[in-house]
Amino acid sequence: MIIPFNIPFTTGNELEYIKQAIGNRHLSGNGPFTRKCCELLGVKYGFGKCLLTTSCTDALEMCALLLDIKPGDEVIVPAFTFVSTALAFARQGAKIVFIDSKSDNPCMDEDKIEKLITSRTKAIIPVHYGGFPCEMDSIMQIAEKHNLIVIEDSAHAFGSRYKSKLLGTIGHLGCFSFHETKVIHCGEGGMLTINDRKLSERAEIIWDKGTNRSQFQRGEVQKYEWLDTGSSFLLSDLNAAFLFSQLKEGEKIINYKKEQWFLYSSLLKDLGNKGLIKLPLINNNTQYNYSGFYLEAKNLKEREDLRNHLIKRGIQAITHYLDLSGSPYILKNQKIQSISQNENSKRYENTILRLPFYFSLKNNQIKEVAGAIKEFYLQKELYV
Ligand SMILES: *Cc1c(COP(=O)(O)O)cnc(C)c1O
């Protein structure tokens, strides 16, 4: 590929911090760099209690353990999301109740939540698709009314805000990914943010194999013991050292991506105005992290033709999320029909195309991608 979909961003300082981590002689989890990251996340970004994990999937699994999810429980999860959002709860035996996307945006349709709630519902898991916020005011109101926990899957949303509130700090819990395809990364990594103080102590215990080793390390107890369920969810301090270099540059990354985003958006606006494609909109409620750029084609055929046209030009554009309600695992385990009830999610499955978007992508490459897209519509004689 001449222009791949993603090239992982590096600041250039990663090796220096990794060298320091080696010098610290603490390379396992909950070490000096983990503490430095959490301090920065608090001071610079405004997060509260944070636990670094090996992935967002792990952070979601921690939530399922924290909520004592068991067979018979139900969780409301968007049909249009990554596998992990549902998997973390399904492996505890929960029934996954899929909710449709909004008609104008792939986030969950808050107006469809209430009719899915039953006496067994435990949690709502909004996914801030592409870093765009779900309607958190409505979601929190519904959750409060029905006594449900809200877990924000903020895998794409690091640094985005809804009505000036940082995503991942609005629900009871927030889960982030530091996978190499996300805005800030350390190869593989993640974070759980705990916004409901009542859940903090137990989260820390579940994080470290069901023990109170964190309290022991802080000198709060004489010895550490096995107290609860859990697993080894900690991020190695080597990865935390890498992550620290990225967290320090977070604003720079987001500001630069903002320029790239608006360049794409201005170059493709014309196609959008002619109704040939749909472009994402940043509404007034949103401070956006510019985590990626996608367009919606008219239908599956046009999207696939466009994708193949770009491949021929050496440009890798990729599709996103198969509607999870039709996945073989769900069909086998939940015995539901394969015909999706989630018409908007199904539409996004067929129409979304994600364009190359990464820090080292040059302006002329963005112009090349946009040019190739225009060429496609010209050849189809749809665009004059
Ligand atoms: C990437 C992603 C995840 C999983 O993140 P990992 O860190 O790879 O486990 C979960 N949810 C969403 C919405 C994602 O995009």
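Student: What does the domain assignment of the chain give?

Tutor: The model is a predicted one. Its domain assignment gives domain 1, covering 14–250, and domain 2, made up of 251–317 + 355–383.

Student: How many Å separate the centres of domain 1 and domain 2?

Tutor: The centres, taken over C-alpha atoms, are separated by 30 Å.

Student: And how many residues of each domain are in contact?

Tutor: On the side of domain 1 there are 25 residues in contact, and they meet 17 residues of domain 2.

Student: What area do domain 1 and domain 2 bury between them?

Tutor: The two domains bury about 1600 Å² between them, and 51% of that area is on carbon and sulfur atoms.

Student: Which three residues supply more than any other three of the area that domain 1 buries?

Tutor: They are Phe132, Val183 and Glu249, which supply 35% of the area that domain 1 buries against domain 2.

Student: How many salt bridges are counted between domain 1 and domain 2?

Tutor: The count is one salt bridge. Glu249 also takes part in a salt bridge through its side chain, with Lys252 as the partner, at 3.0 Å from N to O.

Student: Changing topic to the strands: how do S2 and S3 run, and how many bridges join them?

Tutor: Strand S2 (residues 74–78) and S3 run parallel and are joined by five bridges. Within this pairing, Glu74 stands opposite Lys95 in S3.

Student: What do S2, helix H4 and S3 make?

Tutor: Together, S2, helix H4 (residues 83–90) and S3 form a right-handed β-α-β unit.

Student: Why is S3 described as largely enclosed?

Tutor: Strand S3 (residues 95–99) is largely enclosed by the rest of the structure because four of its five residues are buried.

Student: Is H4 mostly covered or mostly uncovered?

Tutor: H4 is mostly covered, with six of its eight residues buried. The buried residues are Ser84, Thr85, Ala86, Ala88, Phe89 and Ala90.

Student: What covers the buried residues of H4?

Tutor: The cover includes H3, the strands S2, S3 and S5, and helix H11 (328–334).

Student: Turning to H6, which of its residues are buried?

Tutor: In H6 the buried residues are Ser200, Ala203, Glu204, Ile205, Ile206 and Trp207. Helix H6 (residues 200–207) is thus mostly covered, as six of its eight residues are buried.

Student: What do those buried residues of H6 pack against?

Tutor: They pack against strand S1 (49–53), helix H3 (56–66), strand S9 (190–194) and helix H7 (213–217).

Student: Which residue just after H6 takes a positive phi?

Tutor: Lys209 does, with a phi of about 60°. For context, most residues other than glycine have a negative phi.

Student: What is the phi of Asn147, and where does Asn147 lie?

Tutor: Asn147 has a phi near 60°, a positive value in a residue other than glycine. Asn147 lies in the loop between helix H5 (136–146) and strand S5 (149–153).

Student: Does Asn147 count as buried or exposed, and why?

Tutor: Asn147 counts as exposed because its relative accessibility is 70%, and the threshold for exposed is over 50%.

Student: Where is Ser164 found, and what is its phi?

Tutor: Ser164 is found in the loop between strand S6 (161–162) and strand S7 (165–166). The phi of Ser164 is near 70°, again a positive value in a residue other than glycine.

Student: Why does Ser164 count as exposed?

Tutor: Ser164 counts as exposed because its relative accessibility is 54%.

Terms used. Residues are numbered from 1 along each chain as its sequence is written. This is a predicted model: local features need pLDDT of at least 70, side-chain atom pairs count only at pLDDT 80 or more; totals for chains, interfaces and linings use all residues. Side-chain values use heavy atoms; hydrogens and water are left out. Helices (H or I, at least four residues) and strands (E, at least two) are DSSP runs, numbered from the N terminus. Buried means under 20% relative accessible area, exposed over 50%, partly exposed in between (1.4 Å probe, protein chains only). Two strands pair if DSSP finds at least two bridges between them. A crossover is right-handed if, with the strands pointing away from the viewer, the path from the first strand over the helix to the second runs clockwise. Domain bounds come from an automatic or database domain assignment. Contact means heavy atoms within 4.5 Å. Buried area is the accessible area (1.4 Å probe) that two parts lose on being put together, summed over both. A salt bridge is a side-chain nitrogen of Lys or Arg within 4 Å of a carboxyl oxygen of Asp or Glu.
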